Amino acid sequence: MPGKTTSESIKSLGYSVIREMSGMAADYENVISLGIGEPDFNTPAVITKQAFEDAKKGHTHYTHSQGDPELLEKLSVHIFNETGFRVPPHSIIVTHGGMGALTAALKPLLEPGDEVLLMEPHFPDYMAHITFAGGVAKKVPTFFEDGFVPRPENIEKAITEKTKLLLLNSPNNPTGAVIPGDVLDGIAEIVQKRDIFVISDEVYDKIIFGRTFESIYTRKGMDERTLVAKSFSKSHAMTGWRVGYCYGPEWIIAQMLKVVNYSTACASSIGQRAAIAALDIDRSVVNAMRDRFAARVDLVCRRLEKMKGIRVVKPCGAFYVFADISLISQESRRFAIDLLKKQQVVVIPGYAFGDSGEGCIRIACTVKRALLEKAMDRLETFISGYHGE
Ligand code: PLP
């Protein structure tokens, strides 16, 4: 019955393991969730207030698909202040969160069968976005021993005649790895030599600990072959407002405009007004949230380091700790489900982030310190009696 079939490519995608774990948790009481990757803070009040006032003034209509002109102008200034690059408003597009940026970017860049180099462990949703665009993900593993920083030589080895794109994510979800400047230089050299385009997912750029964020976009010649994806979700605790943006060469933004236009019309008008307010707030507000994440990540790492059988590399950014549990269990799914059943703590099994994430768990430091301590107590109790039952 051809009328009642669904596409093989969508069927090939699994449901989100992150959502699945949260769904399972609903059957238990007294759960501490370190599962979903979203800040627990509310959006700073000044942002919400300004957005509501703007909504009352009538900012409740479709905006231009490229974005609210006022936001585009402000983003252009913001990008210059952050990178020193003059990116005009027509080379920027506002999207339905960082996810909207990925969908809008991949569709016009890929022909069916084009390969996308993906550092693993990776944000699980990339697989779906690449599939939606007809592309094929080619995984390039990163290693615990390297702090999950990609090795440029492994990127080069993975390139074939079908390679179109390299997808980078720094700071990384789930590992918290931040790609240092010299590694970015090495990667930039390879992609220029081999004529590969880059998407740089920088949605965690403001959540970085003790160092300055560096982007591949700023490497010599890379502004011509890099599309940067950003979002207000994590940096400004604005996940529900659904505002992200992309900037890069005008020829690709012009095509992305069609995808945004035909798929979502535009990002939420009120969300965009909130983003304008977000760009106006003092950076100290954003930094205060970052510092709280840093303290939590520190706490979790200190506790994990003392637990027998668990290994951690301290993340340099984002708000996740990707802990190696392979000495205790090689089956991260079993481990995470048992942890939920026995101690009511939600973590995400590492396999959800690709094969090389197996043997690890992702802990999102998105609850207050006291609760994190409690979660670590429970984890400690759990592993002391755990035999992989
Ligand atoms: N990129 C990465 C690496 C993420 O972790 C996320 C969300 O978790 C996104 C993009 C999408 O963010 P949003 O659509 O909420 O802006």
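By salt bridge I mean a side-chain nitrogen of Lys or Arg within 4 Å of a carboxyl oxygen of Asp or Glu. D298 lies in helix 11, residues 283-305, and K314 in the loop between helix 11 and strand 9 (320-324), so the pair ties together parts that are 16 residues apart in sequence. Helices (H or I, at least four residues) and strands (E, at least two) are DSSP runs, numbered from the N terminus.

Before going on: this is a predicted model, where local features need pLDDT of at least 70 and side-chain atom pairs count only at pLDDT 80 or more, while totals for chains, interfaces and linings use all residues. Residues are numbered from 1 along each chain as its sequence is written, and side-chain values use heavy atoms, with hydrogens and water left out.

Back to that pair. D298 is partly exposed at 27% relative accessibility, and K314 is partly exposed at 48%. The cut-offs are under 20% relative accessible area for buried, over 50% for exposed, and partly exposed in between, with a 1.4 Å probe and protein chains only.

How many salt bridges does a search of the whole structure find? It finds 28. Some share partners, and these join E82, E202, D205, K206, K230 and R283 into one network.

Two other pairs are on my list. K193 bridges to E156, with the closest N and O atoms 2.9 Å apart. That pair links distant parts of the chain, since K193 is in helix 8 and E156 in helix 7 (residues 152-158), 37 residues apart. K193 is exposed at 58%; E156 is partly exposed at 25%. The other pair is R151 with D146, at 2.6 Å from N to O. R151 has a relative accessibility of 33% and D146 one of 27%, so both count as partly exposed.

Now strand 6, residues 197-201. Is this strand mostly covered or mostly open? Mostly covered: five of its five residues are buried. F197, I199 and D201 sit on one side, V198 and S200 on the other.

Its pairing partners come next; two strands pair if DSSP finds at least two bridges between them. Strand 5 (residues 163-169) pairs with strand 6 in the parallel sense over five bridges, and L165 stands opposite F197. From strand 5 the chain crosses through helix 8 (residues 181-193) to strand 6, a right-handed β-α-β crossover. Right-handed here means that, with the strands pointing away from the viewer, the path from the first strand over the helix to the second runs clockwise. Strand 7 (residues 226-231) also runs parallel to strand 6, joined by four bridges, with S200 opposite V228.
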